[in-house]
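Subject: Structure handover

Hi,

Here is the structure for you to look through. Please open it next to this email and follow along. My notes come after it.

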Amino acid sequence: MVFTHVSLNYIDGWKPMLKLALSGYVNVAAELLIFEIAVFCSQFDGSAAMSVILISNTLQNTVWSVSSGVCFASATLIETSLAEGDKCGVKVKIAFSVGNVLVIASIITFIEIYWEGPLVRMFTKEPEVVDLFVETFWMRGMCVPFNQVTIVLTRGILTALEKQRFV
C-alpha cells in the first residue's frame, strides 16, 4: 500500500482509543505523582528514605509485570465471549481474571514481605536502609494486590468491552 494523500479515514476508530487513553493517562499520572511526592518528601528524611522508595518500587514492579500479562489474557478471553454473545461466559471470565490477579499478586507480595530482609540486602547492605525498609515495606505490600485488581479492571476488562462497543 502506497501513501498517496491525507484522508480523515485514517483517524476512524480513534475515538474509543482516546477514551481508553484518558483513563490510562489518569492512572499513570496518579502513580507518577505519588512517586514524585514520595521522592520529594524523602529529602527530609535523608538518603535512606530515598533508597527505600527506589528499592520498594523495583520490587513492586515484579508484581505489576505479572498483572500486565493477566490484563492481555483477560481482554482476549472477554472479547471472545462477547463476540460469541455469551453473557454468562463474560461474567465468569471477568470474575476469573480479577480472582486470578488477586491470588497471584497476593502470593508474590506475601513472598516479598516474608523475605523482605534478604531482598533488600540484594540492593544494599547499609543497616539504616535495611531497617527502614523492613519497618515500612509491609504497608506498601498490603495495598499492591488491590492495585492490581484495578489495573486488570481498567486495562484488561474495559479494553475488551470498548473493542466490542459496550462502553
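Which residues make up the largest nonpolar core? Before the answer, two notes on how to read the model. It is a predicted model, where local features need pLDDT of at least 70, side-chain atom pairs count only at pLDDT 80 or more, and totals for chains, interfaces and linings use all residues. Residues are numbered from 1 along each chain as its sequence is written, and side-chain values use heavy atoms, with hydrogens and water left out.

**The core**

The largest nonpolar core has eleven residues: Ala48, Val52, Ile55, Leu59, Ile113, Leu119, Val120, Val129, Val130, Phe133 and Phe137. At least two residues of this core come from each of α2, α4 (116–121) and α5 (127–163). A second, separate core has ten residues, including Ile78, Val90, Val101 and Val149.

Here are the terms. A nonpolar core is a set of buried Ala, Val, Leu, Ile, Met, Phe, Trp, Tyr and Cys residues joined through side-chain atoms within 4.5 Å. Buried means under 20% relative accessible area, exposed means over 50%, and partly exposed is in between (1.4 Å probe, protein chains only). As background, nonpolar side chains in soluble globular proteins tend to be buried together.

**The whole chain**

The chain has five helices and zero strands. Its pattern along the sequence is α-α-α-α-α. Helices (H or I, at least four residues) and strands (E, at least two) are DSSP runs, numbered from the N terminus.

The chain has 167 residues, and 32% of them count as buried. It exposes about 10,800 Å², with carbon and sulfur atoms supplying 71% of that. These accessible areas come from the Shrake-Rupley method with a 1.4 Å probe; for residues, only the protein chains shown count as cover.

Now the contacts (heavy atoms within 4.5 Å). Take those between residues at least 6 apart in sequence: 77% join residues at least 24 apart.

**Around Phe137**

Start with phenylalanine 137. Setting aside residues up to four places away in sequence, it touches Ser56, Leu59, Gln60, Glu112, Ile113 and Glu116. Two of these partners deserve a visit.

Serine 56 is found in helix α2 (residues 47–84). Is it buried or exposed? Serine 56 counts as buried because its relative accessible area is 5%. Its contacts are Phe133, Phe137 and Arg140, again not counting residues up to four places away in sequence.

Glutamate 112 sits in helix α3. It is buried too, because its relative accessibility is 6%. Beyond its neighbours within four places in sequence, glutamate 112 is in contact with Leu59, Gln60, Thr62, Val63, Leu119 and Phe137.

**The aromatic rings**

A pair of aromatic rings is described by the distance of the centres and the angle of the planes. Here, rings of Phe, Tyr and Trp (its six-membered ring) pair if their centres lie within 6.5 Å; planes under 30 degrees apart count as stacked, over 60 as edge-to-face and the rest as tilted. The count comes to three aromatic pairs.

Why is the pair of phenylalanine 110 and tyrosine 114 called stacked? The ring centres are 6.1 Å apart and the planes are at 20°, so the pair of phenylalanine 110 and tyrosine 114 is stacked. Both residues lie in helix α3 (residues 87–114), and because they are four residues apart, about one helical turn separates them.

Tyrosine 114 also pairs with tryptophan 115. That pair is edge-to-face, at 5.7 Å centre to centre and 70° between the planes. Phe110, Tyr114 and Trp115 form one aromatic cluster.

How exposed are the three? Phenylalanine 110 is exposed at 56% relative accessible area. Tyrosine 114 is exposed at 59%. Tryptophan 115 is partly exposed at 46%.

**Apart in sequence**

Two last pairs to find on screen. Aspartate 131, in helix α5, is partly exposed at 44%.

Serine 106 is in helix α3 and is partly exposed at 30%. Serine 106 and methionine 142 are 36 residues apart in sequence and 8.3 Å apart in space, C-alpha to C-alpha.

Best wishes
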